Amino acid sequence: MKNLRLKSARAAKDLSQDDLAKICGVSRQTISAVEKGDYNPTINLCIAICKALDRTLDELFWE
Amino acid sequence: MSIAASVGVAVGIMVGLILCVIWFKFANNNKKVKTDYDERQEMIRNRGYKYAFYTVLFYEALLMILAIGRIELPMSSYAVHFLGIILGCIVLCEYCVWKDAYWGLNNNRKRYIIIFAFTAALNVIPIAGGIAGGTLIEDGKIGMPMLNIMVLVMLAVVCITMVIKQIRDKSAVSEEEED
């Protein structure tokens, strides 16, 4: 399932997938896979993404 | 193969390993020998290693069946086993390239391409020598330069896959941006 909330939060911060990937210390393809719902990130990556986008885990990852 | 040739190959492998350490230090942006991968890439690579293991397992089982049936291949035994190693490497590389887990976070791709080109050039030398000296075929079987041919084929397969993947990714990224 696509994570559209993550995509919109990233766009709201005016960050590209590459920018977010660099902040989180992962590859661009990994961020793309998380957004497309092809990869379930670990809690560590979820937290890193939330910190980078100033959002909570609930806002970005809770269904 | 004589004992001298065996020692030569062993020394060659050791020199190759030392060269690899120096090259990786040069090719990685943070001067580390080890390549860093993120969690998704690590997961994909682990699966890649599993598939490579099954490939080598299947290949060795096939060789065993051929040996029981006394079927001889037109290659020396060392080349037959080296082919198994190359097949395993190809499976791992192909899987990682397709799943975006080949390039690590600290890899400098341009420097790696230089290393690939240098490796290819190093492998062409024994083949050219074999052709010039007429030692390409020994006792009706393809000789030592066969190993270099296998390495070149592997490099070519991996490089072609990378190019195809890059072309596919470019169109996929532009589609994502349109969304």
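Visitor: Which exposed residues sit on the face of H4(A) turned away from its buried side?

Guide: A residue is exposed if 12 or fewer other C-beta atoms, placed from the backbone, lie within 10 Å of its own, buried if 20 or more, and partly exposed in between. Helices here are DSSP runs (H or I, at least four residues), numbered from the N terminus. On that face, H4(A) carries the exposed residues A:Ile43, A:Asn44 and A:Lys51. This is a predicted model: local features need pLDDT of at least 70, side-chain atom pairs count only at pLDDT 80 or more, and totals for chains, interfaces and linings use all residues. Residues are numbered from 1 along each chain as its sequence is written, with chains lettered from A and ligands numbered from 1 in the order in which they are written.

Visitor: Which residues of helix H4 of chain A are buried?

Guide: An α-helix has 3.6 residues a turn, so residues three or four places apart point the same way. In H4 (residues 43–53) of chain A, the buried ones are A:Leu45, A:Ile49 and A:Leu53. Seen down the axis of H4(A), they fall within an arc of 65 degrees, so they line one face of the helix. The arc is that of the directions from the helix axis to the C-beta atoms.

Visitor: What covers the buried residues of H4(A)?

Guide: The cover includes H1 (4–12), H2 (17–24) and H5 (57–61) of chain A, together with H2 (39–68) of chain B.

Visitor: How many residues of chain B are in contact with chain A?

Guide: Contact means C-beta atoms, placed from the backbone, within 7 Å. Seven residues of chain B are in contact with 10 of chain A. H2(B) gives the most to chain B's side, with three residues.

Definitions and conventions:
Helix = DSSP H or I, 4+ residues; strand = E, 2+ residues; numbered from the N terminus. Contact = placed C-beta atoms within 7 Å.
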